[in-house]
Amino acid sequence: MIRIENLVYQYDGSNRRVLQGVSMEIASGKYVAVIGPNGSGKTTFVRHLNGLLRPTGGEVWVDGMSTRDPAAVPKVRQRVGMVFQNPDNQIVGMSVEEDVAFGPGNLRLPPLEIRRRVEEALSAVGLEDHSSRAPHTLSNGEKQRLAIAGVLAMKPQCIVLDEPTTYLDPSAKDRIMELITRLNQQGMTIVHVSHDMDEVVQADEIFVLQEGRIALEGSPSKVF
């Protein structure tokens, strides 16, 4: 589903290449984990997967579409959804259901289809009884599930989660991990960035980034 070839990235005004020739393939339906120390390039890497960043060098292909092509980026972002570390950074609605409806509404879908998607997404993350609540009244764990629901409502083929449990207590972490596992079992492609080794042992494949390069890759048993 996703093919990365010799990906290089350098931020404007910097002399340092954050990514230095990263290549990998992510098959549809797989659970892929990306780990590595702070500053290794993990977040920069995954932000290339749905066109938030454009490569300095190399290529990123999603379903045969290059993220370098501005005309392809909207279609790429419908296929690959992003969930960030801090859910407050991607919650925009005045109510839970309004927030989930934001993405489908921007696609100009019929109202009944938007309603159906909102209900399905909230049910998938266990927030169906909180649809009228204001997002700021939710716990951190509920906010992160709301962020995931907003992505699910766009009907992506892949979800990229960038350290989604960082601000959560152990119970909320467990619930997010159960949700990620269930989505993958239902056929969703998962790319999961994490610092917690316990979270990634169930991945199909692990990529270890170090100083912008892949230092190690393989199954959890091989990597660990």
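Residues are numbered from 1 along each chain as its sequence is written, and side-chain values use heavy atoms, with hydrogens and water left out. Because the model is predicted, local features need pLDDT of at least 70 and side-chain atom pairs count only at pLDDT 80 or more, while totals for chains, interfaces and linings use all residues.

The protein chain has eight helices and ten strands, where helices (H or I, at least four residues) and strands (E, at least two) are DSSP runs numbered from the N terminus. For 224 residues, a compact globule would have a radius of gyration near 17 Å, and the 17 Å of the protein chain agrees with this; the radius is taken over C-alpha atoms, and the globule rule is 2.2 Å times the number of residues to the power 0.38. Along the principal axes, the C-alpha atoms fill a box of roughly 45 × 40 × 35 Å. Buried residues make up 50% of the 224 residues (buried means under 20% relative accessible area, exposed over 50%, partly exposed in between, with a 1.4 Å probe and protein chains only). Of the contacts (heavy atoms within 4.5 Å) between residues at least 6 apart in sequence, 65% join residues at least 24 apart.

Strand S1 (residues 2–9) is joined to S2 by six bridges, and the two run antiparallel. Glutamate 25 in S2 is the bridge partner of arginine 3. Histidine 48, in the loop between helix H1 (42–46) and strand S4 (57–62), is buried, with a relative accessible area of 0%. Leaving aside neighbours within four places in sequence, the contacts of histidine 48 include Leu7, Tyr9, Leu19 and Val60.

A second open sheet contains six strands in the order S6-S7-S8-S3-S9-S10, with mixed pairing. Strand S6 (80–83) and S10 are the edge strands, each pairing on one side only. Neighbouring strands of this sheet are turned by 20 degrees against each other on average, direction ignored. Axes are lines fitted to C-alpha atoms, for helices over the stretch in contact, and angles run from 0 to 180 degrees between N-to-C directions. Strand S7 (residues 158–162) and strand S8 (residues 189–193) run parallel and are joined by five bridges; cysteine 158 has threonine 189 in S8 as its bridge partner. H5 packs on the sheet, touching S6 and S7, and its direction makes about 165 degrees with that of S6. Helix H6 (residues 170–185) also packs on the sheet, where it touches strand S3 (31–35), S7 and S8. Strand S9 (residues 205–210) and strand S10 (residues 213–218) run antiparallel, with five bridges. S9 and S10 form a hairpin with two residues between them, and glutamate 211 in the turn has a positive phi of about 50 degrees.

Helix H3 (residues 96–106) packs with helix H5 (residues 140–152) at an angle of about 35 degrees, with their axes 7 Å apart. In this contact, Val96, Asp99 and Val100 of H3 meet Leu146, Ala149 and Gly150 of H5. The buried residues of H3 pack against helix H4 (111–125) and H5.

Definitions and conventions
Pairing = 2+ DSSP bridges.
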